[in-house]
Amino acid sequence: MQRTMQRRSLLVSSAMLALGVAAGCNADARVRPPQDTAEYATERSSSAGSFRVTYSTDAPVPVGRLHAWTLHIAQIDGTPVTDATIAVDGDMPEHRHGLPTRPRVTRNLGNGDYLLEGVKFQMGGWWVMDFDITAGGHTERVRFNLQLKK
Ligand SMILES: [Cu+2]
């Protein structure tokens, strides 16, 4: 009886290990990094096309160091969006983990510029940064892809 249970738990942990390895090896086609270089642009349109968002930060984007981003948010015609509320979330889809910090917009710099502080990427590889931007009574998401060198 005891022996059977031990064997069963061994099988379960082997299966879990195999799953973990598969995830780490990018075996899941749904989470492959985008191949199109346009997906890595620093200027992107939001999900429903209302906002055009640009970020600027240190170049190259640092790994393992706290740094800040400046976001510029405009309407499609270029008019700055000066009263946006911005939520941010960063993620490594292949690794199923997020950022080690909780970056947030700490200052409205005016003219559509916003200061994002507390960004830290703990490793190189493919990252996504999602911003949920609320202005004019609706919210749209913009996603930036980054390929960071270790
Ligand atoms: Cu990772």
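How many bridges pair E2 and E3, and in which sense? E2 and E3 pair in the antiparallel sense, over six bridges; two strands count as paired if DSSP finds at least two bridges between them. Strands (E, at least two residues) are DSSP runs numbered from the N terminus. This is a predicted model, in which local features need pLDDT of at least 70 and side-chain atom pairs count only at pLDDT 80 or more, while totals for chains, interfaces and linings use all residues. Residues are numbered from 1 along each chain as its sequence is written, and side-chain values use heavy atoms, with hydrogens and water left out.

**The copper site**

- Four protein donors hold positions 2.0 to 2.3 Å from the copper ion: Met92 (SD), His95 (ND1), His97 (NE2) and Met123 (SD). Donors here are N, O and S atoms within 2.8 Å of the metal (3.2 Å for Na, K and Ca), and because water is not among the atoms, sites may look incomplete.
- The arrangement is tetrahedral because the four donor atoms subtend angles of 99 to 124° around the copper ion; the cut-off for four tetrahedral donors is that all angles lie between 85 and 135 degrees.
- For reference, the ideal angle at a metal with four tetrahedral donors is 109.5 degrees.
- Along the chain, the donors of the copper ion follow the spacing M-x2-H-x1-H-x25-M. Distant parts of the chain are linked by Met92 in strand E4 and Met123 in the loop between E7 and E8, 31 residues apart.
- Met92 is buried, at 1% relative accessible area, whereas Met123 is partly exposed at 29%. Buried means under 20% relative accessible area, exposed means over 50%, and partly exposed lies in between (1.4 Å probe, protein chains only).
- Met92 has His97 in E5 as its bridge partner, and E4 and E5 run antiparallel, joined by two bridges.

**Strands and sheet**

- An open sheet of four strands has the order E5-E4-E8-E9, with antiparallel pairing. Strand E5 (97-98) and E9 stand at the edges with a single partner strand each, so one side of each has no neighbour in the sheet.
- E8 and E9 run antiparallel and are joined by eleven bridges, with Ile133 opposite Glu140 in E9.
- The hairpin of E8 and E9 has two residues between the strands, and Gly136 takes a positive phi near 60° there.
- Tyr55 stands opposite Leu71 in E3. E3 is also joined to E7 by five bridges, running antiparallel, and Trp69 stands opposite Leu116 in E7.

**The nonpolar core**

- The largest nonpolar core has 25 residues, and those with the most contacts inside it are Trp69, Ile73, Phe121, Met129, Phe131 and Ile133. Such a core is a set of buried Ala, Val, Leu, Ile, Met, Phe, Trp, Tyr and Cys residues joined through side-chain atoms within 4.5 Å.
- Elements giving two or more residues to this core include strand E3 (67-75), strand E4 (85-92) and strand E7 (113-119). The largest share, five residues, comes from E8.
- Not counting residues up to four places away in sequence, Ile73 touches residues including Phe51, Val53, Ile86, Tyr114 and Ile133; contact means heavy atoms within 4.5 Å.

**A buried serine**

- Ser46 sits in the loop between strand E1 (43-45) and strand E2 (51-56), and is buried at a relative accessible area of 4%.
- The side chains of Ser46 and Glu140 make a polar contact (2.6 Å). A polar contact is a pair of N or O atoms within 3.5 Å; within protein, one must be able to donate a hydrogen and the other to accept it, and residues adjacent in sequence count only if both atoms are side-chain atoms.

Conventions
Four donors count as tetrahedral if all angles lie between 85 and 135 degrees; four count as square planar and six as octahedral if opposite donors are over 155 degrees apart and all others between 65 and 115; anything else is irregular.
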